[in-house]
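Here is a briefing on one protein model, arranged by topic. Keep the sequence and the 3D view open while you read.

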Amino acid sequence: MKKNMRRIALASLATAALTAAVVPVTATASSAATPSGASRQAALQKAVDQLVKDGQPGVIALSRRGDTVTRVTAGVANTATGQKMTPDLRFRIASVTKTFTATVVLQLVAEHRISLDDTVARWLPGVLTRNGNDGRRITVRQLLAQTSGLNEYVQDPRIWQDPARVWKPRELVDIAQEKAPLGRPGATWNYSNTNYVLAGMIVEKATGHPFGVELQRRIVKPLRLRHTFLPTADTGFHGSYVHGYFDQYGDVSTMISPSSGWTSGGMVSTVDDVARFQRALVTGKLLPARVQKAMMTTRAVTDDWIKEDYGLGLARVKTSCGFAWGHDGGWPGYRTWSYTSRDGERQAVITYNQSSPELEAKPAFRADITKAIDAALCR
């Protein structure tokens, strides 16, 4: 769920399905004065209203200051009916899924059932063997850190020509390894959704259970994430949801099989569930300290033109009120940004419901996203 969305017709559906950083999170310095709760809410409302003025159908934003959580909305969740956006609606969280996947893997590491230094071939023998792709040379750590050198699969025409097709994880990996690797494992950073599909496959091999079962048992149930799940063949939302739009294709909410994202970007959730998960993770409630340290050991990367520090499924970004941890992502019709301060006292989760390469290429719109994130996290 990463890389800038392409303009090429329906191919953009596949690429947008795996988007991530489009704008930098770094913003101008905040005022030295501490604003009141009312003024913070007003500033956040103004920021999300601006995103609707810019062309987004609707926006949901969650902001945390300690124990106080503010939720604001703007615009509509359904352009056909005029249904207003509300904070409780479900949406596709795309690459924010990667943080969930990495957490499940790292819990297995903490239990000594998987090692970060295990090779892919150790768990999935014979899966990576073609065109110079060698599972004997790629480790679990490199998958999570996006340093495996593996190619992407999402731009392949087979993904977007039949968007409703239910894909098997192995089929997605096989598409990626039709090309030679982009580099030697561990040498360079390149974002590839293939890495997280393989991570999900390893979890299933190590536990003997479907990934969704482990996700439910380890994260969803303990944290009481009542609106969070990982669908495979099901394109529905199991409740009220945000309709997602993609330029001339209109409402694509239930058009694309989530199997094409799976453990790399196929999850459905809400802003409150995402915030609860991310806060528990960042503040050390889901992983022991030694494994948490591994997750937060980062390398400076440039994703497209954006600089960030990427760890194991978790990125550190610089904001006007210090560093924050999180992930972002996009799926056709959906775009989400989620960040949490290291102490869990500040959070921002923002989502909107139109994929538009033309709009997201505009510097003014990128600046307005930055302002909205800053209003939620820092103001």
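A disulfide is counted here as a pair of cysteine sulfur atoms within 2.5 Å. By that rule, a search of the whole structure finds one disulfide. This is a predicted model, in which local features need pLDDT of at least 70 and side-chain atom pairs count only at pLDDT 80 or more, while totals for chains, interfaces and linings use all residues. Residues are numbered from 1 along each chain as its sequence is written, and side-chain values use heavy atoms, with hydrogens and water left out.

**Overall make-up**

- The protein has 14 helices and 13 strands. Helices (H or I, at least four residues) and strands (E, at least two) are DSSP runs, numbered from the N terminus.
- Of the 379 residues in the protein, 59% are buried. Buried means under 20% relative accessible area, exposed means over 50%, and partly exposed lies in between (1.4 Å probe, protein chains only).
- Among contacts with a separation of 6 or more, 72% are between residues 24 or more positions apart. Contact means heavy atoms within 4.5 Å.

**The disulfide**

- Cys321 and Cys378 form the disulfide, with an S to S distance of 2.1 Å.
- The link of Cys321 and Cys378 is left-handed, with -65 degrees about the S-S bond.
- Cys321 sits in the loop between strand 9 (315-319) and strand 10 (322-331), and Cys378 in the segment after helix 14 (363-377), so the pair ties together parts that are 57 residues apart in sequence.
- How accessible are the two ends? Cys321 is partly exposed, at 31% relative accessibility. Cys378 is buried, at 7%.
- In general, a disulfide is a covalent bond between the sulfur atoms of two cysteines.

**Helix 2 and helix 14**

- Helix 2 (residues 37-54) packs with helix 14 at an angle of about 155 degrees, and their axes are 9 Å apart. Axes are lines fitted to C-alpha atoms, for helices over the stretch in contact, and angles run from 0 to 180 degrees between N-to-C directions.
- Helix 2 is therefore roughly antiparallel to helix 14. Angles over 145 degrees count as roughly antiparallel, under 35 as roughly parallel, 65 to 115 as roughly perpendicular and the rest as oblique.
- On the helix 2 side, the contact is made by Ala43, Leu44, Ala47, Gln50, Leu51 and Asp54. On the helix 14 side, Phe365, Asp368, Ile369, Lys371, Ala372, Ala375 and Ala376 take part.
- Leu44, in helix 2, is buried at 1% relative accessible area.
- Leaving aside neighbours within four places in sequence, Leu44 is in contact with Ala61, Ser63, Val72, Ala372, Ala375 and Ala376.
- Leu44 and Arg71 are 27 residues apart along the chain, and their C-alpha atoms are separated by 9.0 Å.

**Helix 3 and helix 9**

- Helix 3 (residues 97-110) and helix 9 (residues 211-223) pack at about 80 degrees, with axes 10 Å apart. That makes the two roughly perpendicular.
- Helix 3 makes the contact with Phe100, Thr101, Thr103, Val104, Gln107 and Leu108. Helix 9 makes it with Phe211, Glu214, Leu215, Arg218 and Ile219.

**Helix 7**

- Which residues of helix 7 (residues 169-176) are buried? They include Leu172, Val173, Ile175 and Ala176.
- These four cover an arc of only 155 degrees around the axis, which puts them on the same side of helix 7. The arc is that of the directions from the helix axis to the C-beta atoms.
- The buried residues of helix 7 pack against helix 6 (157-161) and helix 8 (193-207).

**Asp309**

- Asp309 is found in strand 8 (residues 306-310). Asp309 is buried, with a relative accessible area of 15%.
- Beyond neighbours within four places in sequence, Asp309 is in contact with Thr298, Arg299, Ala300, Leu314, Ala315, Arg316 and Phe323.

**Two histidines with positive phi**

- His112 is not a glycine, yet has a positive phi of about 65 degrees. His112 is in the loop between helix 3 and helix 4 (120-123) and is exposed at 66%.
- His238 is not a glycine either, and has a positive phi of about 60 degrees. His238 lies in the loop between helix 9 and strand 5 (245-246) and is exposed at 55%.
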